[in-house]
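The sequence and structure are shown first.

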Amino acid sequence: MLKFLLPTFGVALGLEGGLLGPFTQESAPNNPTSADCDWKWFNQPLNHFSGVSNADNFVFKQRTCFYDKFWKTKPSAVLFYVGNESPLEIYVNNTGMMWNLAHELKAGIIFAEHRYEGLSVPSVLDNTENCMAYASSKQALADYALLIETLKFTSPYKEIYGDVPFIAFGGSYGGMLAGWIRTKYPHLIAGALAGSAPIFGVPMLNNRFFQTGKHSVNSAQQQLTESHRKKKKSFNSILDSSSMFISRSLTKAGGLSGSTCMLNFKAFWILLKYAMEQSDVVGLNEKIADSMRLCSVPASSAADYYLLSDFMQSAFFLLAEGNYPFPSAYITGAVGGNMNVKLPAWPMHHACKPMEEVSFPTGETGSMISLEENLQSGSTMQEPFDNAAPLVAPNYTLTFGDLQLNVVGENVNKVGGSLDGPSFLKLAKAAAEGVEVWYNFTGQEQCLNWKEPAPNSDTTVASGTSATDAQEALSQGEQNGQRQPSSLMRQSKMPRVSHLHTKGQTKRELYSGATMGRNVFLPALGARDDGASNDDPQPTSSRTCSYASSNVVPPAFSWGPTVCNDQMFLVNTDSMGYGRDAFFPPSGPASLQDMYGTLTMSPLNIISANSSTVLTSECAADSNAQKLFGLTDRADPYGQEMFDYYGPLKDTASKIIFSNGLLDPWSGGGIGLPGVDGFMVDDLGAETVYPDPEKYDPKKNPVEYTQQLFYPIDERIAKNAQDRELFAAIVSHGAHHLDLMYPCDDDPVDVKFVRREEVKWIKKWIADHNREHAEEQATGEDVIYDL
């Protein structure tokens, strides 16, 4: 039994009661599920923004889950989940906060499925030109808005929902949608809880993106002290921020007793590179394969080292997402395709357990490994702060027994001594046992198949063509644990790799020498390509889609097309191994300029109407090859169109809570995390315990403690955030939108505090709506709402 150092004293703080019941993780057999839904189908136009068509193939049926058992005559409110990139069942079955709050408030519940996902699939996937052109966040939000308008303004629904406030909920991409639907449709949504929403991962949506160039400190900026400046990193530090948040689970910041796990993993990646490329130990690769239970023996080559290390390190992203204090099938279902098998409680701690317990023949575990960062010459704090400064490759001295290695960038060179084979193999065995927490969550794998690519998410459910048949097929597949695996997070982790690279290139090849950006000269202003792949050109007349199972798609089918059409590339997941995480070697770009060629930080260099060059996107190529045409060929790497459509938070948004867990990879793109200028990667590191336990005790100083977890977002992100009720909610020991999940007995105290604050403000927003509606009814005039 693992013992973790997390406070869970909710009873003493008066945090029990309604917030933890009646539905909890422990009451799972009796909790509401998708089986309790009243499933309803709503006709939605395929294109909300380009005229109206009555053609059958330009209307699709959107699936929704209604639950009305908590109210009798009329609901006090409607808690509305804006569906994202998985079939609706997974959100219905896991978003326990909505069920508990609706029960307490006697409110209604509606979950709405994202277009091109689950069973809400347009029939245009077959025999229609450019069928994928309508997959986007903008179209999805318009779906949700039209659904709410139908309920509020048309009979017979308006008698029930006409004057009822709607509160939006969403997690991950759904959290982005929840924030945006409140911003774009405030007349329909009274407030929003946006959980783990990586909006700041889109460069131009991040307020720090526009702080370009070098800035000196003058007399008017004395508040920017040397200490402040040392903390303030360039915008490019967002590139490896997700890997930093992953690594927090491997240290005291994530509830462990120290940082042994992180140190040992980082040392192992370096030692593995040395062992596979330089060691002269006879038969070492065979011994590595045996110790790590690999399905095949790696060759003594850089290529096999990168394949093996990439395979192992990819597990941590998924384990960190699902690092919940209870056993959960949320990530194994959404990503691994198996709803019947759960990750254990605190899976990252399970992954650490072998590394923390590994012992060496000398019995001197503490002195066997040391990793020291070498001081590097370069910029000093007397130089101006440069917001475009690139990430700096690591420079270490690693000692393992009497072996000493010098590490510069991805190069590992022996300084002296020799590799202790038996001790290294113990470390290798512990590392492999750690990643098996993900790769063998079923317990049925005989070996680690490190050379096989991640399961492909383009496999479809094999039966069913109608909505009813498809629903039965998906439901039956879930019950039997047969849903096809999806590589959602392996793909979404670096979406740019799939849209700006040559097929077959590895992550490290992409960033070795050549730049990823491709400048294409336009023949004339306004001219555009037909979107077909350069490798497989398709004439406009031949862009008719063909899809065998028309409206039956695999999980996460909507994600790739939506990312491509919106050009919603989240840069916070692009890099790792640059020194402030548990990984090696450095991979991914050191700067946006590395990623996009010669472009500077300023987006105006590529979006000006006078510009003669643009980047072209290749994310349509794979889709075109499958005869699913219509994805955009226009590259918008900084997110200029999203910036224009959704706008910054600075002037317009209100009544939104942006919650983020400090153990969640997606917090790398989160809004309002602790840090200089509200930029989360400044103050936080992989080993930074937050809040500081020496200053903030939840039992002795609950008010001050709460203020560290729930506060108005920085004024430089949104002016007058307190008055506009724009809040950041920080779940110190939270993985992916933990606050939205069913509570459990072992929840850390921080998530209990955060849920309490979230519920308090949601209740206020409902009361505000009701007061404004009552004033309107009393005066007979429209009230100018404080939006």
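In which sense do S1 and S2 pair, and over how many bridges? S1 and S2 pair in the antiparallel sense, over 8 bridges.

## Overview of the chain

The model discussed here is predicted. Its protein chain contains 25 helices and 17 strands. Of the 787 residues in the protein chain, 58% are buried, and the chain exposes about 30500 Å², with carbon and sulfur atoms supplying 50% of that area. Among contacts between residues at least 6 apart in sequence, 76% join residues at least 24 apart.

Strand S2 has antiparallel partners in S1 and in S4, the latter joined to S2 by 4 bridges. Within these pairings, Phe42 has Gln62 in S2 as its bridge partner, and Thr64 stands opposite Ala112 in S4. Because 7 of the 9 residues of S2 are buried, this strand is largely enclosed by the rest of the structure. Elsewhere in the sheet, strand S6 (residues 191-195) and strand S15 (residues 656-661) run parallel and are joined by 4 bridges. Here Gly195 is placed opposite Ser659 in S15.

## Helices packed on the sheet

## Aromatic pairs

A pair of aromatic rings is described by the distance of the centres and the angle of the planes. The count for this model comes to 36 aromatic pairs. One of them joins Phe70 and Trp99: the ring centres are 6.4 Å apart and the planes lie at 85 degrees, over the 60 degrees required, so the pair is edge-to-face. This pair links distant parts of the chain, with Phe70 in the loop between S2 and S3 and Trp99 in helix H2, 29 residues apart. Phe70 is buried at a relative accessible area of 13%, and Trp99 is buried at 0%.

Phe80 and Tyr144 form another edge-to-face pair, 6.0 Å centre to centre with 75 degrees between the planes. Phe80 belongs to strand S3 and Tyr144 to helix H3 (residues 137-153), and 64 residues separate them. Phe80 has a relative accessible area of 0% and is buried; Tyr144 is likewise buried, with a relative accessible area of 0%.

## Ring cluster and charges over rings

Which residues do ring pairs link into a cluster with Phe70 and Trp99? The cluster consists of Phe23, Tyr67, Phe70, Tyr81, Tyr91, Trp99 and Phe111.

Tyr67 also takes part in a contact with a charge: the charged end of Lys69 sits over the ring of Tyr67, 5.5 Å from the ring centre.

Note on methods
Residues numbered from 1 in each chain as written. Predicted model: local features only at pLDDT ≥ 70, side-chain atom pairs only at ≥ 80, totals over all residues. Heavy atoms only, no water. Pairing = 2+ DSSP bridges. Helix = DSSP H or I, 4+ residues; strand = E, 2+ residues; numbered from the N terminus. Buried < 20%, exposed > 50% of the residue type's maximum accessible area, 1.4 Å probe, protein only. Contact = heavy atoms within 4.5 Å. Areas by Shrake-Rupley, 256 points an atom, 1.4 Å probe, with all protein chains shown as cover. Phe/Tyr/Trp six-rings, centres within 6.5 Å; stacked < 30°, edge-to-face > 60°. Lys NZ or Arg CZ within 6 Å of the ring centre and 35° of its normal.
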